[in-house]
Amino acid sequence: MSKRILIIQGHPDPQKNHYGNALADAYIKGAQAGGHEVELVSVADLEFPFLRTDKDFNDGEAPESIRKVQDKISAADHLVLFYPLWMGTMPALLKAFIEQTLRPGFAFSYEGINGWPRKLLKGKSARVVITMGMPGFIYRWFYCAHSLKNLKRNILAASGISPVRHTLVGMVEGMSKTQRKKWLNKLEDLGKNGG
């Protein structure tokens with residue numbers, strides 16, 4: 001069954017010459033070969049301000065660039081978020097994008113049952129792909145994958161997005177060409193399956 005897939009490239013560098021960009025391209029290639037409809041949003045290409053107050057987050061209006069992305073998220077069945085691990089978490093620009101995008105009224109509503117927010121993005125699934133300099137198992141086991149857990153549980157799942165799967169690509173700087181090709185093939189296969 002074909003899906004509408006939205007790729008969100010969270011690398012803040014607009015140069016697009018990073019391995020994470022190659023992984024996203026491989027996923028897109030596979031998804032297109034699998035008959036899926038694919039669209040790409042590059043956070044580095046968007047203009048939007050950082051949110052600075054609770055009032056801005058809760059009551060402010062999202063800028064036009066963000067509203068366009070919200071429309072794409074609404075239309076998508078599956079989201080794939082790529083980002084590099086910087087200082088143990090996602091880059092600040094991506095965090096600012098998520099705060100602007102997954103805000104009250106779009107991702108969730110405070111008018112839920114028994115004080116729990118209502119999840120407004122139910123029916124969508126996601127995959128998070130994180131590239132990093134350390135081995136992926138060190139990030140997962142020693143550091144407890146804390147930024148990934150926060151994104152999955154406190155942001156995506158709290159918005160109703162489920163299931164949320166992940167792919168950790170470690171030791172990016174030290175990879176051989178063979179290892180890089182293996183990861184590209186893996187992402188292409190994931191794209192083909194729409195997963």
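1. A word on the source. This is a predicted model, in which local features need pLDDT of at least 70 and side-chain atom pairs count only at pLDDT 80 or more, while totals for chains, interfaces and linings use all residues. Residues are numbered from 1 along each chain as its sequence is written, and side-chain values use heavy atoms, with hydrogens and water left out.

2. The cavity. Rolling a probe the size of a water molecule over the atoms shows where empty space is left. On a 1 Å grid over the protein atoms alone, a cavity is a set of points where a 1.4 Å probe fits but cannot get out; a pocket is an open set with protein on both sides within 12 Å along at least five of seven lines; lining residues have an atom within 4 Å of a point. Grid points are joined across faces, edges and corners, and a volume is the space filled by probe spheres set on the points. The count is one cavity of 30 Å³ or more, and the largest cavity has a volume of about 130 Å³.

3. Its lining. Look for Ile 8, Leu 79, Leu 81, Leu 102 and Leu 156, which lie nearest the centre of the largest cavity among its 13 lining residues. Two or more lining residues come from each of β3 (78-84), α4 (92-101) and β6 (125-131), and α4 has the largest share, four residues. (Helices, H or I with at least four residues, and strands, E with at least two, are DSSP runs numbered from the N terminus.) By class, the lining has eleven nonpolar, one polar and one charged residues; here Ala, Val, Leu, Ile, Met, Phe, Trp, Tyr, Cys and Pro count as nonpolar, Asp, Glu, Lys and Arg as charged, and the others, Gly among them, as polar.

4. The largest pocket. How much space lies in the largest pocket? About 230 Å³. Its lining includes Phe 57, Lys 95, Glu 99 and Phe 108. α4 gives the most to this lining, with three residues; seven of the lining residues are nonpolar, two polar and two charged.

5. The second largest pocket. This one has a volume of about 180 Å³. Among the residues that line it are His 11, His 18, Trp 86 and Glu 173, and the classes are six nonpolar, five polar and one charged.

6. Helix α3. In α3, Ser 65, Ile 66, Val 69, Gln 70 and Ile 73 are buried. They fall within an arc of 140° seen down the axis of α3, so they too line one face of the helix. They pack against β1 (4-9), β2 (37-42), β3 and α4, where contact means heavy atoms within 4.5 Å.

7. Helix α1. This helix (residues 19-33) has 15 residues and reaches 21 Å from its first C-alpha to its last, close to the 21 Å expected at 1.5 Å a residue; the expected span is 1.5 Å times one less than the number of residues. Just after α1, Gly 35 takes a positive phi of about 85°.

Methods
Buried means under 20% relative accessible area, exposed over 50%, partly exposed in between (1.4 Å probe, protein chains only). The arc is that of the directions from the helix axis to the C-beta atoms.
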